[in-house]
Amino acid sequence: MKKIGELTARILLAQIFFLAGYSKIGGYENTQSYMNAMGVPGELLPLVILLELGGGLALLAGWKTRWISIILAFFTIAAAALFHNDLSDQMQLIMFKKNIAIAGGLILLAVYGAGTYSIDRWRR
């Protein structure tokens with residue numbers, strides 16, 4: 001159960017980032033405009049896409065999991081603070097809390113590692 005639980009947790013966290021990065025490619029101009037409107041330079045979008053796609057795939061494979069998890073946790077907290085900071089809006093509050101919960105899961109991955117079914121374990 002532990003081995004499957006570790007893998008399942010990584011898959012569930014990975015899909016959030018991978019699918020978010022993938023969707024930004026299809027809605028590139030809208031995402032870039034939204035970033036600009038929120039005071040974040042839209043020129044950073046390629047880096048965001050690369051981080052989400054690459055980070056999602058790395059989590060899925062269990063490669064450099066501790067480092068990727070730390071980077072994605074900081075990214076997720078920053079996204080919460082930058083894009084979901086109107087806590088008087090119920091939807092923004094929910095999105096903020098969701099991001100904080102995701103960061104918590106990523107911190108657990110950083111502390112405990114990828115688990116048995118991972119490149120990190122295979123390389124040891």
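Predicted model: local features only at pLDDT ≥ 70, side-chain atom pairs only at ≥ 80, totals over all residues.
User: Which elements build the protein chain, and in what order do they run from the N terminus?

Analyst: The protein chain has six helices and zero strands, and the elements accordingly read α-α-α-α-α-α from the N terminus on.

User: Why are α1 and α3 called roughly antiparallel to each other?

Analyst: Helix α1, residues 2–26, and helix α3, residues 45–61, pack at an angle of about 155°, with their axes 7 Å apart. Angles over 145 degrees count as roughly antiparallel, and α1 and α3 are therefore given that description. In passing α3, α1 makes a left-handed crossing. The contact brings together residues of α1, among them I11, L13, F17 and F18, with residues of α3, including V48, I49, L53 and L57. By class, the residues of this contact of α1 with α3 are 16 nonpolar, two polar and three charged.

User: What makes α3 oblique to α4?

Analyst: The axes of α3 and helix α4, which spans residues 65–83, lie 10 Å apart, and the two helices pack at an angle of about 140°. Roughly antiparallel would need an angle over 145 degrees and roughly perpendicular one of 65 to 115, so α3 is classed as oblique to α4. Their crossing is left-handed. On the α3 side the contact is made by V48, L51, E52, G55, A58 and L59, and on the α4 side by T65, I68, S69, I71, L72 and F75. The contact of α3 with α4 comprises eight nonpolar, three polar and one charged residues.

User: Why is α2 described as roughly perpendicular to α3?

Analyst: Helix α2, residues 28–37, and α3 have axes that come within 10 Å and cross at roughly 110°. The range for roughly perpendicular is 65 to 115 degrees, and the angle therefore makes α2 roughly perpendicular to α3. The crossing in which α2 passes α3 is right-handed. Here Y28, T31, Q32 and M35 of α2 meet L45, P46, V48 and I49 of α3. Sorted by class, the contact of α2 with α3 has six nonpolar, two polar and no charged residues.

User: How do you know whether K64 is buried, partly exposed or exposed?

Analyst: The relative accessibility of K64 is 40%; buried would require under 20% and exposed over 50%, so K64 counts as partly exposed. K64 is placed in the loop between α3 and α4, and K64 has a positive phi of about 50° although it is not a glycine.

Definitions and conventions: Residues numbered from 1 in each chain as written. Heavy atoms only, no water. Axes fitted to C-alpha atoms, helices over the stretch in contact; angles between N-to-C directions. Helix = DSSP H or I, 4+ residues; strand = E, 2+ residues; numbered from the N terminus. Parallel < 35°, antiparallel > 145°, perpendicular 65-115°, else oblique. Left-handed = near helix turned anticlockwise from the far one by under 90°. Contact = heavy atoms within 4.5 Å. Nonpolar A, V, L, I, M, F, W, Y, C, P; charged D, E, K, R; others polar. Buried < 20%, exposed > 50% of the residue type's maximum accessible area, 1.4 Å probe, protein only.
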